[in-house]
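Come along while I look up a few spots.

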Amino acid sequence: MEISSTITETEPQKFALPVDSEHKATEFHLFSAAAPHMRAFHLSWISFFSCFVSTFAAPPLLPIIRDNLNLTATDIGNAGVASVSGAVFARIAMGTACDLFGPRLASASLILLTAPAVYFTSIASSPISFLLVRFFTGFSLATFVSAQFWMSSMFSGPVVGTANGVAAGWGNLGGGATQLIMPLVFSLIRDIGAVKFTAWRIAFFIPALFQTLTAFAILIFGQDLPDGNYQRLQNSGNKQKDKFSRVFYHGITNYRGWILALTYGYCFGVELTVDNIIAEYFYDRFNLKLHTAGIIAASFGLANLVSRPAGGVLSDMMAKRFGMRGRLWALWAVQTLGGVFCIILGQVGSLTASIVVMIVFSVFVQAACGLTFGVVPFVSRSMDYICLRSLGVISGMTGGGGNVGAVLTQLIFFKGSKYSKETGITLMGIMIVCCTLPIFLIYFPQWGGMFCGPSLEKIATEEDYYLSEWSSKEQGKGLHQASLKFADNSRSERGRRVHSQTLSSNATPSANV
Amino acid sequence: LRAGEDKITVRWGLNQSLPAGTDSAYKTIKVQLCYAPISQVDRAWRKTEDHLSKDKTCQFKIVKRPYTTGNQTLEWTIERDVPTATYFVRAYALDANDHEVAYGQNTDAKKTTNLLEIQAISGRHVSLDIASVCFSVFSIISLMGFFFVEKRKGRKAQQ
């Protein structure tokens, strides 16, 4: 990537990180908070983290809340479903909002609009009000899309995967941290003198305030693009309109997007489900104290610190040697193993064994999430990941699919008293293994699939695959240029052996369009 | 009955129709508040199990005293962390090793008669309600404030 050359600009801008011609950072320095790139990263993951903390603040305190609000197991299950179902549509809508208003305003608005739901959790007084506050709080999980969108605006090709993977992983960390924080805050308030049934209510102000403050930080310190805030409405308002329907059409008619939405439902969806049920599971099954159950439950979500980013790294490593086929095999293998350990978790009866199996299970399930988003960028070029223009339809579909998986799993296995929790966990593991099998069906003509090599027929080059999404009229307008560049860059997905053959035919790098 | 406010009077004693010497092993009496079946429906965390160490029917201790012959009485104020539910009272006689060797309860074997209904405190306070509403309104208004400032900055930049 070239460092920004400032021949055409009158005021050369100095960035703390090396940038490309679009001023996107080409390096990722984790321990820097330099504006605008790394600052955007930190604002992004911290705000996403706070949304996870708020959405899963109730589960570790359920043993207290269920007595205060007189909840049945069915009520608890319904609230759990509600907490993850709002984000299904919110994630899809968020992509559009980012396009129209920019990730800074879109995410800060969502966070500030859902903060009242967290404040109102303190005054919930019935199963229905409890369900409603969990439902509206859950909308905040759509900040996943704005975080990914923002990272894609700030970081260029080689590092955008890392930026996205770490931002997503560290955001998901909130689901684990909250299982530690909430029981701790609750004990503190109770020891100061409040009664149990009041202490948990006061405790909810902590995640609510945290969420509000992160939104303020985004609005004050963040900016949409390396060069400033969103003025693209002037630049591309018209272009945006007539692209939307085509981009949307190509997104939803790509079968790979649907398969990935399903499989993401059984790694990320499972992660959300476990965040909802695991504290109560340990508390009830092993008769632990509230904060002990919280610590154990937290270790599930805290594994996200490294496991999700590691999944992304593994995907890139497999791609270097084996191309896209390696990415698919790794995804299938890791996610299936996650399912196997889930089955085992439901079967073991001792506390120590449960904890160990749960941690192994968490590593595999979260790595699978990282591996999924190693494949997503290549499914459709009309889906945004590296270029700013399009809508992230497939990213939104996959993200939404994750939440649908959480909804379905909780509805089938964790609602009411039909299955004991341990049976539900085993059955969930079986479902993970089954719903991961469709990865076998993913096939890219230019790279192959899990069992078949690349096709020898007509649509067999990267150019052909990505160009087939543009009609000849659109190609006449030159709208496909970015896709051509992407096709060129994605040739590395063929893997090591073939890559060196194609390198010799690409003598000169293409000029930036 | 309201938690934190109302009192219940519990009376217990050995059933006189039993042969003498039945209570030779009894060392302690533990009186507990237990969930009636109707409050256990769809709530696995209150389930009755035969194995006493796994049983979760009785979760609230009223009193634990050394055993004495003759009838005992106690007036107990219902504690504030007792949830809204239907209850009965059960007394366990424990031996020197703290194992349950006998019990009695104020209801029949099917736990359907003479049950107590307790209404819990809500845990809510007016100050909490006010704080919640204020902070929520503040969040929305500050968002509108930020939008307003953005628009003004945008208009200034265009001029």
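**Entry on a strand in chain B.** I kept in mind that this is a predicted model. I started at β1(B), residues 7-12. Which residues sit on its covered face? I found Ile8(B), Val10(B) and Trp12(B) there, while Lys7(B), Thr9(B) and Arg11(B) make up the uncovered face.

**Entry on its partner.** I then looked up how β1(B) pairs, and found 6 bridges to β4(B), residues 72-77, with the two strands running antiparallel. Opposite Arg11(B) I found Thr73(B) of β4(B).

**Entry on charge.** Where does positive charge gather on the surface? I found a patch made of Lys151(B), Arg152(B), Arg155(B) and Lys156(B). I placed Lys151(B) in helix α1 of chain B, residues 126-158. I call Lys151(B) exposed because its relative accessible area is 57%, and the cut-off for exposed is over 50%.

**Entry on backbone angles.** I looked up two non-glycine residues with positive phi. Asp42(B) has phi near 60° and belongs to the loop between β2 (28-35) and β3 (58-66) of chain B. Lys111(B) has a phi of about 60°, and I located it in the loop between β6 (100-105) and β7 (116-118) of chain B. Is Lys111(B) buried or exposed? I noted it as buried, because its relative accessible area is 14% and buried means under 20%.

**Entry on chain A.** I ended at the peptide bond from Ala35(A) to Pro36(A), which is cis, with omega near -10°. Pro36(A) lies in the segment before α1 (37-55) of chain A.

Technical notes. Residues are numbered from 1 along each chain as its sequence is written. Chains are lettered from A and ligands numbered from 1 in the order in which they are written. This is a predicted model: local features need pLDDT of at least 70, side-chain atom pairs count only at pLDDT 80 or more; totals for chains, interfaces and linings use all residues. Side-chain values use heavy atoms; hydrogens and water are left out. Buried means under 20% relative accessible area, exposed over 50%, partly exposed in between (1.4 Å probe, protein chains only). Helices (H or I, at least four residues) and strands (E, at least two) are DSSP runs, numbered from the N terminus. Two strands pair if DSSP finds at least two bridges between them. Patches are made of residues with over 30% relative accessible area and no salt bridge: like charges are joined within 9 Å, nonpolar side chains (Val, Leu, Ile, Met, Phe, Trp, Tyr) within 5 Å. Accessible areas come from the Shrake-Rupley method with a 1.4 Å probe; for residues, only the protein chains shown count as cover. A salt bridge is a side-chain nitrogen of Lys or Arg within 4 Å of a carboxyl oxygen of Asp or Glu. Lys and Arg count as positive and Asp and Glu as negative; His and the chain ends are not counted. The place of a charge is taken as NZ of Lys, CZ of Arg, CG of Asp or CD of Glu.
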